[in-house]
Amino acid sequence: MAVCVAVIAKENYPLYIRSVPTENELKFHYMVHTSLDVVDEKISAMGKALVDQRELYLGLLYPTEDYKMFRKLHNSYTDVMCNPFYNPGDRIQSRAFDSMVTSMMIQVC
């Protein structure tokens, strides 16, 4: 199960961040934004000089056994993007997407 889910726009800013438990929310927001900075640095370094292409590999971002969970997240995200009333680049405010993410999160008693 996930403790934090973030959806990132192609311009490298978060469209959606959700974390459980909420007392660690600031910590997860910090981790997401720090990760975005790392990706941004790698991309900008590629334009400055000839960088070995292997250096851009960030590693496996999730365990392969969790593939089904991420497939479910991807399908729900695709549904949001296909909604004719959604403007790409806006914050994701879909109740269906939010409830699907909530079902993925660890439920704290």
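Mentor: The mean pLDDT of the chain is 78, and 75% of its residues reach 70 or more, where pLDDT is the predictor's confidence in each residue, on a scale from 0 to 100. Confidence in the chain is lowest in helix 1 (residues 25–48), with a mean of 80, and highest in helix 3, with a mean of 89. This is a predicted model, so local features need a pLDDT of at least 70 and side-chain atom pairs count only at pLDDT 80 or more, while totals for chains, interfaces and linings use all residues. Residues are numbered from 1 along each chain as its sequence is written, and side-chain values use heavy atoms, with hydrogens and water left out.

The chain has three helices and two strands, and from the N terminus on its elements run β-β-α-α-α; here helices (H or I, at least four residues) and strands (E, at least two) are DSSP runs, numbered from the N terminus. Of the 109 residues in the chain, 21% are buried, a word that stands for under 20% relative accessible area, with exposed meaning over 50% and partly exposed in between (1.4 Å probe, protein chains only).

Strand 2 covers residues 14–19 and runs antiparallel to strand 1, to which five bridges join it; two strands are said to pair if DSSP finds at least two bridges between them. Within this pairing, Y16 in strand 2 is the bridge partner of V7, and I17 is that of A6. In a regular strand the side chains alternate between the two faces of the sheet. Strand 1 (residues 4–8) accordingly has V5 and V7 on a covered face, with C4, A6 and I8 on an uncovered one.

Between the two strands of this hairpin there are five residues, one of which, N12, takes a positive phi near 75°. Most residues other than glycine have a negative phi, and N12 has its positive value although it is not a glycine. N12 sits in the loop between strand 1 and strand 2 and is partly exposed there, at 24% relative accessibility.

Leaving out residues up to four places away in sequence, I17 touches C4, V5, A6, H29, V32 and H33, where contact means heavy atoms within 4.5 Å. The C-alpha atoms of I17 and F28, which are eleven residues apart along the chain, are separated by 8.7 Å. S19, also in strand 2, is buried as well, at 4% relative accessible area. With residues up to four places away again set aside, S19 touches V3, C4, E25, F28 and M105.

Side chains of opposite charge can pair when their charged atoms come close. The side chains of R18 and D98 meet in a salt bridge, at 2.8 Å from N to O. This pair links distant parts of the chain, with R18 in strand 2 and D98 in helix 3 (residues 95–104), 80 residues apart. A salt bridge here is a side-chain nitrogen of Lys or Arg within 4 Å of a carboxyl oxygen of Asp or Glu, and a search of the whole structure finds one. Both partners are partly exposed, R18 with a relative accessible area of 25% and D98 at 28%.
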